[in-house]
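Open your viewer and let's take a short walk together. Have your selection tool ready, and we'll go stop by stop.

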Amino acid sequence: MEAKLKAYLDQFYADNCAHDAAQTERIACWRNLHPDSATLLALLVRAKQARKVLEIGTSNGYATLWLADAVRDTGGLLHTLEIDKARQKVAKQHVDEAGFADDVRMEVCDAGEFLRTYPKYYDVVLLDADRSQYTAYWPDLQRLLAKPGSLLVVDNVLSHANEVRDFITQVEADKNFSSTVLDIGSGLLLATRT
Ligand SMILES: C[S@@+](CC[C@H](N)C(=O)[O-])C[C@H]1O[C@@H](n2cnc3c(N)ncnc32)[C@H](O)[C@@H]1O
């Protein structure tokens, strides 16, 4: 990663932490991936030479920039979904400012609706949105991650363990996926298609 982008991301993350700390309601927070998780995720995209990457839950675009930088290196494209138009608008400003407009396709939509109808595959999916919906998303995620080596990364599996318990049980029970939980950032579930 270029030093200029790293400096941008460091300032962006610091500003976001200050913003979130000042909020009284969780829904108003940006709730970005921890930088350690973002670092690992971007490394995995590069290691896999992933070209088709999906982020579910754009927020204001912090993880989006990490993923965009990685897919630029692999010659791929990042697709990112956000249900809240105002958040997507903020994220788009950051994507444009950081020079990644050509590397990212941004969409305002409900992730569940998108997943139900999307007809192609992804190499890597970051799931970082409404945790109550994850078990319902699983059949569609299985379909979109049907190629061996495809990777699902889910954030907050330790910070919000109760909310994702059923989902993790579902993934772990699936013999077509090999998975592990890493104590990094807020806790990451990694699951790869075998
Ligand atoms: C934890 S934040 C994402 C953080 C972001 N990945 C990052 O690291 O910068 C979750 C986001 O998911 C969005 N979201 C919630 N439900 C959604 C849905 N059904 N479809 C798409 N986005 C959704 C929220 O509006 C919120 O911005």
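A crossing is left-handed if the near helix is turned anticlockwise from the far one by less than a right angle, and right-handed if clockwise. Helices (H or I, at least four residues) and strands (E, at least two) are DSSP runs, numbered from the N terminus.

This is a predicted model, in which local features need pLDDT of at least 70 and side-chain atom pairs count only at pLDDT 80 or more, while totals for chains, interfaces and linings use all residues. Residues are numbered from 1 along each chain as its sequence is written.

First, select residues 134-144, helix α6, and residues 161-173, helix α7: they pack at an angle of about 25°, with axes 9 Å apart. That makes α6 roughly parallel to α7 (angles under 35 degrees). Here α6 passes α7 in a right-handed crossing. Show the side chains of Tyr 134, Thr 135 and Trp 138 on α6, and of Val 164, Asp 166, Phe 167 and Gln 170 on α7, which make the contact (C-beta atoms, placed from the backbone, within 7 Å).

Next, pick Val 125. Leaving aside neighbours within four places in sequence, Val 125 is in contact with Leu 54, Ile 56, Leu 141, Leu 144, Leu 145 and Leu 152.

Finally, select Pro 119, in the loop between α5 (111-117) and β4 (124-127). Is Pro 119 buried or exposed? Pro 119 is exposed (12 or fewer other C-beta atoms within 10 Å), because 6 lie within that distance. Draw a distance to Val 95: the two C-alpha atoms, 24 residues apart along the chain, are separated by 26 Å.

Conventions
Axes fitted to C-alpha atoms, helices over the stretch in contact; angles between N-to-C directions. Parallel < 35°, antiparallel > 145°, perpendicular 65-115°, else oblique. Contact = placed C-beta atoms within 7 Å. Buried ≥ 20, exposed ≤ 12 C-beta atoms within 10 Å, placed from the backbone.
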